[in-house]
Amino acid sequence: FREMGYISQLVQLLSSSTSANVQGASLEQGLRSLNGHLGEDSGFPISQQKASILLCALETVMLLVAHMPEARSAEATVKPQDQQSSSQANTGALLQQGMLEALLPLCLKEGGVASPAVSTQSLSALGDLVAGNKEGQQKLGACIIAPKPGGPSVPALQAALRVALHSSEPSKRSAAEHVVQAFCQGNPEGQAVLASTLMPMPRGSTG
């Protein structure tokens, strides 16, 4: 898959899924915002067919970066160390091609897409992509997004934490929690940064 150059096509598929909806969704989103209905589960509307395609693409991403458990029998055709090496190479290629940036609009940026299944799967894929990967963790830690259209920008990790704490969808909360845990995995510097965002500011620190 990687050797055939399909990773760039996979990233392009996921990237175009939201950009293609921006113009068509602008009027609907504007009306919903004016009427006070733009909540945490709002986002770009997508068709059921597009949602199915995105779910298949996201499943492919998760398979590419998955770590194979210990071989269950002596007949296993792929050695765990070979699978580990392959998943690391896939992760590096996906990050280089912009997969992390392609996932954020599906799940966190400006409300993501208006499909709970797709947004939840996108969060799961995002967590798998950065789990234990220094490059991915650094990229995620540096991303700044607006969780709602026209709203203030915040670190993407903070947006994921908000979803983990406040989403009305249990599966989405779990997937967002996975993102936070994956960012912290083997990442003491990232853990310190995350902890600093959770600490209340001392009284009198704001003029």
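Reader: What should I know before we start?

Author: This is a predicted model, where local features need pLDDT of at least 70 and side-chain atom pairs count only at pLDDT 80 or more, while totals for chains, interfaces and linings use all residues. Residues are numbered from 1 along each chain as its sequence is written, and side-chain values use heavy atoms, with hydrogens and water left out.

Reader: Why is Val 65 called buried?

Author: Buried means under 20% relative accessible area, exposed means over 50%, and partly exposed lies in between (1.4 Å probe, protein chains only). Val 65 has a relative accessible area of 3%, so Val 65 is buried. You can find Val 65 in helix α3, residues 48-65; helices (H or I, at least four residues) are DSSP runs, numbered from the N terminus.

Reader: Which residues is Val 65 in contact with, leaving aside neighbours within four places in sequence?

Author: Contact means heavy atoms within 4.5 Å. With those neighbours left aside, Val 65 is in contact with Ser 87, Thr 91, Leu 94, Asp 128 and Leu 129. As for Val 130, its C-alpha atom is 9.5 Å from that of Val 65, though the two are 65 residues apart along the chain.

Reader: What makes a group of residues a nonpolar core?

Author: A nonpolar core is a set of buried Ala, Val, Leu, Ile, Met, Phe, Trp, Tyr and Cys residues joined through side-chain atoms within 4.5 Å. The largest one here has 50 residues, of which Leu 14, Leu 108 and Leu 140 touch the most other members. Several helices each supply at least two residues of this core, among them α1 (6-19), α4 (80-97) and α8 (156-166). The largest share, eight residues, comes from α3. Beyond four places in sequence, the contacts of Leu 140 include Leu 100, Val 130, Val 179 and Phe 183.

Reader: Why is the pair Glu 189 and Lys 134 called a salt bridge?

Author: A salt bridge is a side-chain nitrogen of Lys or Arg within 4 Å of a carboxyl oxygen of Asp or Glu. The closest N and O atoms of Glu 189 and Lys 134 are 3.1 Å apart, so the pair forms a salt bridge. The pair links distant parts of the chain, with Glu 189 in helix α10 (residues 188-198) and Lys 134 in helix α7 (residues 134-142), 55 residues apart. A search of the whole structure finds one salt bridge.

Reader: Are those two residues buried or partly exposed?

Author: At 48% relative accessible area, Glu 189 is partly exposed. Lys 134, at 38%, is partly exposed too.

Reader: Why does Thr 120 count as buried?

Author: Thr 120 has 14% relative accessibility, which is under 20%, so Thr 120 counts as buried. Thr 120 is found in helix α6, and, not counting residues up to four places away in sequence, Thr 120 touches Ser 171, Lys 172 and Ala 175.
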